[in-house]
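Visitor: Could you walk me through how the helices pack in this one, and what lies in the core?
Guide: Gladly; here is the model.

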Amino acid sequence: MNPIRSLALNARYLAQRASRQNRLNELASQNQAPISVLFYHRVADQFPNPWTISTDKFQQHIEYCEENFEMISLAEVQNRLESGCSPRPAVSITFDDGYAENSEFALPYLIEKRIPCTYFVTTEHIRRNLPFHHDVQFGRLLDVNTPAHLKDAIAGGIEIGIHTANHIDFSQVTDIKTLQTEIVDAKADLEDMIDHSVSYFAVPFGMPQQMRPAVFETARQCGIRGVCSAFGAYNQVGNDAFHIRRIHGDPQFARLRNWLSYDERKCLSEPALPLDDILTPAPSAVFAPVSFPSFSSQAIPT
C-alpha cells in the first residue's frame, strides 16, 4: 500500500472510530454483532511476496484481534449466524494453500495461544510436494506443507480444510467431472491423508465469479459444512451460514484495523454472486447438460 493510501486509511479510522464503536455496541446489544473471518497465506520473514506477512506483523494482527474481539472457530461463526444470536464482535482466523513456513511460527503461535484456526490446503500440492503455480510465476519455488505437518497441526487443535486438489479457478470450469475431482475427490483424499474428517471448503481466489451455484451445491452434497469466499465481506445475522465470507488479512495494519472496526458502507457494496450455472456433463454420462439454479447457499446482497 502506498504511503498516501495508508495515511488516508488511518485518518478515516481515527475520524470514524467513535461512531463505528457506537454502532458495534448497538448491534451487539441487539445480538447482531458482525463477525469477521480473516484469511492469510504465508507467514515468513524470508522471500516476501504479495501473499506473505512477516512474523512480527502477523503477531501484531493477532494481538490486536485478541484485545478487541472474541476469537472463535468457523463452527461458532455458523452457530451464531444460524441461531440469530451474535452478542459480541468476533474474529475467526483461516489460512489458504498450505505453506511449510506456517508450521514454523504461525501455527505453533496460534496453538500456544489457543486461538481457533482453520487451515485450508490443496491436496495435490501436499501429496506431490509441488510448489504453487503463483509462486512459479513469481520466480520463487516455496516449500509446501507435508501430511506430517497437517497431522501435527490437528494434534495441536488446528482444523484442516480443503482448498481443492489443484488450486483451480472455478470461473474457468465447464464440466461436472472437474467439480467432482476438485471438491468431492479432494475432500476424500485429504481425509485419507490426515485420518480426520473435513468440514470446510475455501474456494481458490474466492471472488464472485468463482462462487458459482454448482460449486456450492457440489460441496453441500459431499458433506461440506461451509464454503468460504474471499472477496471481503462481514458475516452478519441474516446471512446464509453455509457461505462464510472472508476478509484478506492484509499485511498493512491500517487496512486491517479499518476493516475490523466495521464500515457499514462495505455492507452496501457486497457483490452479488452468480445465479445461473450451465455445466457440461462428464463424457461418459448419457444425460443432457445440467442447469444449476440459485441454491440457498447464494449470498443475498445487503
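Guide: A term to begin with: a crossing is left-handed if the near helix is turned anticlockwise from the far one by less than a right angle, and right-handed if clockwise. Helices (H or I, at least four residues) and strands (E, at least two) are DSSP runs, numbered from the N terminus. This is a predicted model, in which local features need pLDDT of at least 70 and side-chain atom pairs count only at pLDDT 80 or more, while totals for chains, interfaces and linings use all residues. Residues are numbered from 1 along each chain as its sequence is written, and side-chain values use heavy atoms, with hydrogens and water left out.

Visitor: OK, which hand is the crossing where H2 passes H10?
Guide: H2 passes H10 in a right-handed crossing. The axes of H2 (residues 55–68) and H10 (residues 253–260) come within 11 Å and cross at roughly 25°, where axes are lines fitted to C-alpha atoms, for helices over the stretch in contact, and angles run from 0 to 180 degrees between N-to-C directions. H2 and H10 are therefore roughly parallel to each other; angles under 35 degrees count as roughly parallel, over 145 as roughly antiparallel, 65 to 115 as roughly perpendicular and the rest as oblique.

Visitor: Which residues of H2 and H10 make the contact?
Guide: Gln60, His61, Tyr64 and Cys65 of H2 meet Phe253, Leu256, Arg257 and Leu260 of H10, contact meaning heavy atoms within 4.5 Å.

Visitor: How many residues of H10 are buried?
Guide: Seven of the eight residues of H10 are buried, which is to say under 20% relative accessible area, with exposed being over 50% and partly exposed in between (1.4 Å probe, protein chains only). What covers the buried residues of H10 includes helix H1 (3–29), strand E1 (35–40) and H2. Just after H10, Tyr262 takes a positive phi of about 75°.

Visitor: Switching topic, at what angle do H8 and H9 cross?
Guide: The axes of H8 (residues 176–194) and H9 (residues 213–221) cross at roughly 45° and come within 10 Å. That makes H8 oblique to H9, and the crossing of the two is right-handed. Leu179, Ile183 and Val184 in H8 meet Ala214, Val215, Thr218 and Ala219 in H9.

Visitor: And which residues touch the most other members of the largest nonpolar core?
Guide: Phe58, Ile93, Phe95, Ile160 and Phe201 do, out of 65 residues in that core; a nonpolar core is a set of buried Ala, Val, Leu, Ile, Met, Phe, Trp, Tyr and Cys residues joined through side-chain atoms within 4.5 Å. H8 gives the most to this core, with six residues.
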